[in-house]
Structures are given as C-alpha cells and as structure tokens.
Amino acid sequence: MIDRRFLQNVDWPLLSLVLILIAIGVANLYSATFQDAGGTGAPFYQKQLYWAGFGFFLLLVILFFDYHLLLSVAYPLYWISILLLIGVLIFGRSISGSQRWLTVASFSFQPSELVKISLILALAKFFFNNEINHRYRFGDLYLPFGMVLLPALLILRQPDLGTALLLLLLSITVFLFLGVEWKTLFISIGGVVLSLPLFWYFLRDYQKKRILIFLQPESDPLGAGYHIIQSKIAVGSGGFWGRGFLKGTQGQLRFLPEQHTDFALSVLAEEWGFVGSMVVVTLFLLLVLQALNVARQSKDRFAMVLALGISAIFFWQSLINMGMVVGLVPVVGVPLPFISYGGSSIIASLIGIGILLNINMRRFIIQS
C-alpha cells in the first residue's frame with residue numbers, strides 16, 4: 001500500500017490545473033464536434049473522457065512506486081519505443097498521408113506520443129550516470145544527441161515533422177539547462193544553420209509547401225493556406241469576449257479544418273474570445289511553472305532532468321500549437337495537451353503528470 005504521508009504531499013495545484021484543462025478541453029471538444037452528434041459511434045468528447053479516465057488510472061499506478069525504479073527500465077522502455085516506431089513504418093495505419101498509428105486488438109495508438117516520455121527517461125538516466133564537473137562539450141553530448149536523433153529521424157519518416165521537431169527542442173532545452181560550453185553552443189548553432197539546406201532537401205513536398213505558405217498563406221487560399229487562413233478568421237472573429245458556447249460560425253459551419261485536433265484552440269478562441277484564450281494560456285503557463293518548480297526542488301539529478309524534460313514537453317508543445325493557430329509558426333501538426341482530441345496524446349500527458357507528482361511527493365519524504 002502507498003504510504004499515507006505521500007498522499008498528504010500531493011501537488012494539488014498541479015493536479016488542479018490538469019483537471020481544469022481537461023474539463024475545458026472536453027467542453028470545447030463537445031462544441032467543436034457538435035455538428036457530428038448524429039453520427040454513429042460514441043461522440044469525440046465521450047471518447048476523450050474514456051481516454052482521460054484511462055490516463056488517470058495510469059497516473060495513479062505511477063504514484064504507487066518510487067520513481068527511482070524508472071532508472072532500471074529507462075533504457076529498455078527507450079528501445080521498446082524505437083521498435084514501436086519501426087513497427088509503425090512497417091505495419092502502421094495511414095491517415096491523410098501520414099503513417100503514425102499502430103493497431104492492436106482494434107485499438108489504435110500513436111507510438112510517437114509515448115516516445116516523448118521514454119526519451120526523457122533515457123536522457124535522465126544518461127545524465128544521472130554521467131555527471132561531470134565542467135560544462136558539457138561535443139565529446140560529452142554525442143551519445144545523448146544520438147539517442148534523440150534516432151527516434152526523431154524515424155518519426156520524420158512517418159512523416160511527422162512537428163513531433164520530430166518537438167523531440168529536438170525538448171532535448172536542446174535539457175542540454176542547455178545542464179550547461180554547455182560556449183564554444184560547443186556556437187558551433188552547434190552554426191551547424192544547424194548550415195544544415196538547413198540539407199534539411200530542406202529531405203522534407204516532403206507538402207511540408208515544404210506548408211513552410212512557404214506560412215510566409216504567405218494568401219498565395220494558396222483554397223489549398224495549403226486554407227487551414228491557417230480559416231484559423232486566423234476564427235481567432236479574430238472571437239473578438240474580446242467571444243461569440244459564446246456553440247455559437248462560433250467558423251467551427252459550427254465547418255469552415256475550420258481539424259477543429260477537434262490541431263485547431264481545437266481556434267474553436268475556443270472564436271467562442272470565448274481573447275479573455276477565454278488568455279485563461280487557457282495562463283493555465284498552461286502556471287502548469288509549466290509548477291512543473292519547473294518540481295524540477296528545482298527535486299533532490300537528485302535523475303528527478304531533476306526528468307521533471308525538466310517533462311516541463312519542456314508541455315512548454316514547447318503548447319507554444320508550437322498556439323503559434324500555429326495564430327499563424328506565428330508553420331502548421332506542423334502538434335496537438336495542444338489536454339485540449340486537442342487524441343487518446344495517445346492525453347495518456348502520454350497524464351503519464352508525464354504522474355511522474356511529476358511522484359517526484360514531488362517523495363521529495364518531502366526524503367526531507368523528513
């Protein structure tokens with residue numbers, strides 16, 4: 001049984017933020033798919049509740065064991081996730097030109113969502129086992145960078161540019177936080193800039209078009225630029241207070257593509273306006289700050305890197321999605337945690353929250 005002292009030290013503010021975001025996400029999903037209510041099968045908001053319930057079950061399971069046990073399974077979980085990504089390329093199910101899902105016993109899931117957690121676990125174990133007394137140099141980082149590059153390239157093959165980019169950003173965040181010498185940092189930035197033409201060569205035609213459309217969406221208003229143009233119209237039409245629940249014309253009249261997944265925030269912005277959008281932005285900001293606080297107060301290096309990596313996932317994923325819906329970054333298909341529809345996404349997010357709660361609970365026990 002779990003120690004009662006642990007339950008007294010649950011990070012209630014963090015858990016409350018997650019519950020509020022899920023409630024907002026389900027209500028927004030109800031509105032975004034209201035016109036589909038007459039279709040067959042369970043409605044999307046109901047499925048999201050099922051996935052959230054399963055995610056909370058896993059969260060509770062995680063709370064029952066000491067997070068240090070993750071040290072022994074970090075690398076095996078990483079390699080299992082790599083095998084799953086390879087399985088996606090061989091046996092995966094394709095939707096809209098992307099092969100990202102594996103189907104097991106009639107259930108489909110997206111392994112790239114689970115890779116975010118397994119990669120952070122593997123990086124946390126690496127830096128726990130390889131602590132040094134100086135800033136990291138090239139020779140210190142080629143192994144962890146290889147651990148990041150392998151799943152990123154496999155995910156890029158699906159193709160899923162957004163998640164591959166997310167893995168790179170969260171790992172760079174961890175590297176910088178742990179301390180990289182200036183020479184290594186400047187050479188790395190120069191290498192990234194010089195490799196951009198090569199990166200462009202490997203992109204699919206539609207990915208290149210999305211980036212070009214980001215610069216000038218009006219050049220193809222009925223094609224590649226349609227998503228972002230409709231999203232900006234939805235956000236703008238919301239005004240300060242919004243049109244009201246179920247009253248957004250862009251969403252209810254189905255002008256907005258992917259309105260229950262990548263562009264769920266556009267529906268919310270149209271119906272709840274600037275005020276509602278700022279509430280969501282503030283909730284995510286508080287969630288990231290609370291997660292960083294767990295990292296700051298953690299009592300060992302493994303927990304610190306783990307909490308920092310999970311914080312980076314929520315930060316970058318939220319920032320990219322919010323930037324997408326207002327046209328500040330190219331459309332790269334990154335969902336907004338707890339708000340966008342997706343079983344794999346909400347389960348992976350709740351696993352991350354479970355690990356944060358676990359670290360925070362046991363911090364107090366170590367102190368006593």
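Student: Start with helix α10. Which of its residues are buried?
Tutor: This is a predicted model. In α10, the buried residues are I228, I229, Q230, S231 and A234.

Student: How does the span of α10 compare with what 12 residues should give?
Tutor: Helix α10 runs over residues 226-237, and at 1.5 Å a residue its 12 residues should span 16 Å. The C-alpha atoms at its ends are 16 Å apart, so the two values agree.

Student: And what comes just after α10?
Tutor: G239 does, with a positive phi of about 60 degrees.

Student: Which residues other than glycine have a positive phi?
Tutor: R254 is one of them, with phi at about 65 degrees. E258 is another case, with phi near 50 degrees.

Student: Where is R254?
Tutor: R254 sits in the loop between α11 (249-252) and α12 (264-297). E258 is also placed in the loop between α11 and α12.

Student: Are R254 and E258 buried or exposed, or something in between?
Tutor: R254 has 42% relative accessibility, so it counts as partly exposed. E258 has 38%, and therefore counts as partly exposed too.

Student: Change of topic. How do α5 and α6 sit relative to each other?
Tutor: Helix α5 is residues 111-129 and helix α6 is residues 138-156. Their axes come within 11 Å and cross at roughly 175 degrees. An angle over 145 degrees counts as roughly antiparallel, so that is how α5 and α6 are described.

Student: Why give both an angle and a distance?
Tutor: Because two packed helices are described by the angle between their axes and the distance between the axes.

Student: Which residues of α5 and α6 meet?
Tutor: From α5 there are S112, V115, L119, A122, L123, F126 and F127. From α6 there are D140, L141, L143, P144, M147, V148, P151 and I155. By class, the contact has 13 nonpolar, 1 polar and 1 charged residues.

Student: What kind of peptide bond joins Q158 and P159?
Tutor: A cis peptide bond, with omega at about -5 degrees. P159 lies in the loop between α6 and α7, and α7 is residues 161-178.

Student: Now the strands. What is the order in the sheet?
Tutor: The sheet is open and has 3 strands in the order β1-β2-β3, with antiparallel pairing.

Student: Which strands stand at the edges?
Tutor: β1 (93-95) and β3 (107-109) do. Each has a single partner strand, so one side of each is left without a neighbour in the sheet. From one strand to the next, the twist averages 45 degrees.

Student: How many bridges join β1 to β2?
Tutor: There are 3 bridges between β1 and β2, and β2 covers residues 98-104. These two strands run antiparallel. S94 stands opposite Q99 in β2.

Student: Last one. Where is W101, and what is it in contact with?
Tutor: W101 is in strand β2. Leaving aside neighbours within four places in sequence, W101 is in contact with V88, G92, R93, I95, F109 and Q110.

Student: What about W101 and L89? How far apart are their C-alpha atoms?
Tutor: They are separated by 9.2 Å, and the two residues are 12 residues apart along the chain.

Technical notes:
Residues numbered from 1 in each chain as written. Predicted model: local features only at pLDDT ≥ 70, side-chain atom pairs only at ≥ 80, totals over all residues. Heavy atoms only, no water. Axes fitted to C-alpha atoms, helices over the stretch in contact; angles between N-to-C directions. Helix = DSSP H or I, 4+ residues; strand = E, 2+ residues; numbered from the N terminus. Parallel < 35°, antiparallel > 145°, perpendicular 65-115°, else oblique. Contact = heavy atoms within 4.5 Å. Nonpolar A, V, L, I, M, F, W, Y, C, P; charged D, E, K, R; others polar. Buried < 20%, exposed > 50% of the residue type's maximum accessible area, 1.4 Å probe, protein only. Pairing = 2+ DSSP bridges. Expected span 1.5 Å × (residues − 1).
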